[in-house]
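Good morning, everyone. Have the sequence and the 3D view ready, and let's walk through it together.

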Amino acid sequence: MKKFDIRKIRIRKVNVDEINDRMLLINLYVTQALTFIIGFIWVLFQHQNLLELFAFPATFHFAAWGLLFAGVVILVDLLISRWVPEEAADDGGVNQRIFGYRPIWHIALLSLVVAICEEMLFRGAIQHAIGPYWTSIIFAAIHVRYLRHWIPTGLVFCISYGLGWIYIQSGSIWAPIIAHFVIDFVMGLIIRFRRES
């Protein structure tokens, strides 16, 4: 029997084109599951009540916050993409690989999974501990593929700060979840149908 030697593990940067579609999806779903688990554990350690955190408010004003913010973000992103060269917003082709060939139902599922898992960790746990500003710095930093260019990095920071702000204003985690879902879903559809045209 061969012994496992941790010293033989090598970490190297992998280009998105080196990963097949199945491995890309596995990677995405596993990282989202880990994000959710970390958020879940962090929320429990903060002695927050998960049922209260995910409770729907009596009124639906949280949905208005989420939809309005998502609309503003999508409009700003479309305006930026009209005047900014494509190279300045390059994410290494990751979004194209994730959304470019997916059926609409799968784009919706991916967007929903990412919205719930990331908002659980970032708004539900981290923002509760350190506030929206530092949470947004961490949020921008984990979106590594954008860090090569300042425009997408700044945009991700601003979106995260906005998600934190609407969470505070609405008093419900469902506002940033809705906004995050709509932003990812609409941008995924744009990528998907831009490829076809």
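First, a working rule. A residue counts as buried when its relative accessible area is under 20%, and as exposed when that area is over 50%. In between, we say partly exposed. Keep in mind that this is a predicted model.

Now find Arg102. It sits in the loop between H4 and H5. Is Arg102 buried or exposed? Its relative accessible area is 6%, so Arg102 is buried.

What does Arg102 touch, leaving out residues up to four places away in sequence? The list is Asp21, Leu25, Arg97, Ile107, Leu110 and Arg192.

The side chains of Asp21 and Arg102 form a salt bridge, with N to O at 2.5 Å. This pair joins distant parts of the chain. Asp21 is in helix H1, Arg102 is in the loop between helix H4 (94–99) and helix H5 (104–142), and they are 81 residues apart.

How many salt bridges does a search of the whole structure find? It finds 2. The other one to look at pairs Arg123 with Glu119, N to O at 2.6 Å. Both residues lie in helix H5. They are 4 residues apart, about one turn of the helix. Here is the general point. An α-helix has 3.6 residues a turn, so residues three or four places apart point the same way. Back to our pair: Arg123 and Glu119 are both buried.

Next, the surface. A nonpolar patch there has about 1100 Å² of accessible area together. Its members include Met23, Val30, Phe36, Trp42, Leu44 and Phe45. Take Leu44 as an example. Leu44 belongs to helix H1, residues 21–45. Its relative accessibility is 41%, so Leu44 counts as partly exposed.

Last stop, helix H6, residues 150–170. Let's check its length. At 1.5 Å a residue, its 21 residues should span 30 Å. The end C-alpha atoms are 30 Å apart, so the two values agree. What follows H6? Gly171 does, with a positive phi near 75°.

That's the tour. Thank you.

Key. Residues numbered from 1 in each chain as written. Predicted model: local features only at pLDDT ≥ 70, side-chain atom pairs only at ≥ 80, totals over all residues. Heavy atoms only, no water. Patch = residues over 30% accessible without salt bridge, like charges linked within 9 Å, V, L, I, M, F, W, Y side chains within 5 Å. Areas by Shrake-Rupley, 256 points an atom, 1.4 Å probe, with all protein chains shown as cover. Salt bridge = Lys/Arg side-chain N within 4 Å of Asp/Glu carboxyl O. Helix = DSSP H or I, 4+ residues; strand = E, 2+ residues; numbered from the N terminus. Buried < 20%, exposed > 50% of the residue type's maximum accessible area, 1.4 Å probe, protein only. Expected span 1.5 Å × (residues − 1). Contact = heavy atoms within 4.5 Å.
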